[in-house]
Every structure is written in C-alpha cells, then in structure tokens.
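Dear colleague,

I am handing over the structure we spoke about, and below it you will find an account of what turned up in it.

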Amino acid sequence: MKNFNFKSATNTKEAKKLAGGRTAFLAGGMTLLPAMKLRLAVYSDLINIKKIKRLSGIKVSSKSIKIGSTTTHAMVASSKEVGKTIPSLAILADGIGDPQVRNRGTIGGSIANNDPAADYPSACLALNATIHTSKRKIQADKFFKEMFETDLRKGELIEVIEFEIPEKSSYSKFPNPASRYAIVGVFVAKLKKEVRVAVTGAGSCVFRSENLESALTKNFSPSAIDNVNISDKDLNTDIHASAEYRAHIIKVMTRKAVSSC
Ligand SMILES: Cc1cc2nc3c(=O)[nH]c(=O)nc-3n(C[C@H](O)[C@H](O)[C@H](O)COP(=O)(O)OP(=O)(O)OC[C@H]3O[C@@H](n4cnc5c(N)ncnc54)[C@H](O)[C@@H]3O)c2cc1C
C-alpha cells in the first residue's frame, strides 16, 4: 500500500494513456483502498477518474437509462429520473452499505469489482444492461465472469452502464446486517421480450435462474414459483448461511420481489 504514484485524469483519453503496467483506476476507493491496505492488491500507480466530468451523470431516453460509471450510489438513489423510470434501481442503490459508502462508492467501481455479494451486478443481468467501455460495448450476460472477475481487459475503462427500461421490476435483498452486502439478493424484471431473474450473494458470482425465469414467463405471479426447485449445489456455505438456507431464501426473495412489482 505504501508506495504508489497518484495521478489524476481529466478526460478519458488521458486515463487511457496513463493506464498500463500495474495501474488501477481509482473511483470511490471503497474497495480498492482497503484491498491495498490489507496487501491483497498491489499497484504502482492509481489513476483517479473522478475528475472526468463526462463519466458522472444520468441520462434517460424512451428505452433506456444510461448511468455514468463514476455516478455514486447516493446520486442513483436520489435521482428523480431513476425513481420515475426504474424505481427498483433507486431502491437498490439506497440499500447499499451506509451513507459514507453510498456517497463515495460508484456504480462503475461496483461492477468492475464484481463482488459476489454486490447488488448492482444483479440489476445489470436482470435489466439486460450494456456496459459501454473505452474499447467496446459488453452485454451484462458476458461481463460477469467469476468471483471478482469480469470481461474487462487491462486498462479498459467502464464509461457508461445502460439499463433497459422494464415494464415492471423489483429488487429484494436479505442483507448482512453489518455490511448490508447481500446474503441473498434477487432482482426480477419483466422486460418487453422476456422475464429475467438475477441472483446475487448466493453463489461465487451473480447468476440468472432459468427455472425461476421460465415459471414467471408462464405466469408472472408470486405463486408461480411454488413448485420451482432451487438446487443448493454450487451455492455458498459460510458463517452467515448454509447453501440449503440460501436456496430457500432465493425463493422467498423472488416471491417478495414479484409481489412488489
Ligand atoms: C463498509 C462497506 C459496505 C458495503 N456494502 C455494500 C452493499 O451493501 N452492497 C454493495 O453492492 N456494495 C457494497 N459495498 C461496496 C461499495 O458499494 C462500492 O461500490 C465498491 O466498494 C466499489 O466501488 P468504488 O467506486 O469504491 O470503486 P473502487 O474501490 O475505486 O474500485 C474498485 C475496483 O474497480 C475498478 N474500477 C473502478 N472504476 C472503474 C471504471 N470506471 N472502469 C474500470 N474499472 C474501474 C478499480 O480499479 C478497482 O479495481 C460496501 C463497501 C464497504 C466498504
């Protein structure tokens, strides 16, 4: 942690130029700095991207909401446009961590980090998001690879996250009472062409549940999932909950989400 260079970029071109070798983009620093302090990560250079104005902000069109990568959770939670267009997204942001974390942490930092218990990855999968980077556009289905692993390449900067506006959607989280990270979180979205159900906190990486999606496609109501079997194979067991308990909670959170759609 102790020896690193601190650089600030004022535009994306400059950020791209500075990236390379053992560098990391610094957004809210809520995960990156503790990881460096604990020596879980070592970087020679940190590139502050919070001064790049065009990376922060929210734009709504008839089909989608585009959120700049350095937009904080607090900005999403308090956005009138998000509250009106995709209220579940504002509710999700408002349930992240505590006020300090919500005022520093950013949506881009959250999805780049891909913590298996983070909230935003489930919204990205359920709302069929497109991740716009400095190099390309990546569908959410291809973006989240494994625990703390994404499709991002070295020096690739997330610029915007674009969410499809659903007909209905809701997020239900069973939170860890200390950190507010999800022990299980389920995001349900009824899109124009399909129903998507994304689960976070339960496995090593956010995932979609085909069984829940197919039951809700036939009948979008809480009782539609009564006979759906959620296997606990591959789910996490830790000090907070067993895999069996998490499998049970996935159904409880899904029912809750569908009821409040
Ligand atoms: C006490 C505590 C409680 C929390 N509770 C929750 C919770 O309940 N739910 C939840 O979802 N999260 C929670 N978090 C995580 C938090 O919400 C942040 O989103 C997360 O820590 C990362 O965002 P950041 O902006 O701080 O990113 P940083 O820490 O600055 O960066 C994280 C990683 O992303 C990379 N990165 C950042 N921005 C970009 C970009 N634009 N393009 C490419 N790479 C980028 C960095 O290089 C780094 O590798 C919690 C964190 C803390 C400390």
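**Contacts, cores and a sheet**

I161 is in contact (heavy atoms within 4.5 Å) with I65, K66, I67, S69, I107, G108, I111, C124, A129, T130 and I131, leaving aside residues up to four places away in sequence. This is a predicted model, in which local features need pLDDT of at least 70 and side-chain atom pairs count only at pLDDT 80 or more, while totals for chains, interfaces and linings use all residues. Residues are numbered from 1 along each chain as its sequence is written, and side-chain values use heavy atoms, without hydrogens and water.

I161 also belongs to the largest nonpolar core, which has 36 residues, and is listed with L89, I111, Y120, L127, F144 and F163 among those with the most contacts inside it. Such a core is a set of buried Ala, Val, Leu, Ile, Met, Phe, Trp, Tyr and Cys residues joined through side-chain atoms within 4.5 Å, where buried means under 20% relative accessible area (1.4 Å probe, protein chains only).

S88, in helix α5 (helices are DSSP runs of H or I with at least four residues, strands runs of E with at least two), is buried, with a relative accessible area of 4%. The S88 side chain makes a polar contact with that of S169 at 2.5 Å; this term means a pair of N or O atoms within 3.5 Å, one able to donate a hydrogen and the other to accept it, with sequence-adjacent residues counting only if both atoms are side-chain atoms.

Finally, 4 strands form an open antiparallel sheet in the order β11-β12-β13-β14, pairing being assigned where DSSP finds at least two bridges. β11 (168-175) and β14 (207-208) stand at its edges, each with a single partner strand, so one side of each lacks a neighbour in the sheet.

Best regards

Key:
Buried < 20%, exposed > 50% of the residue type's maximum accessible area, 1.4 Å probe, protein only.
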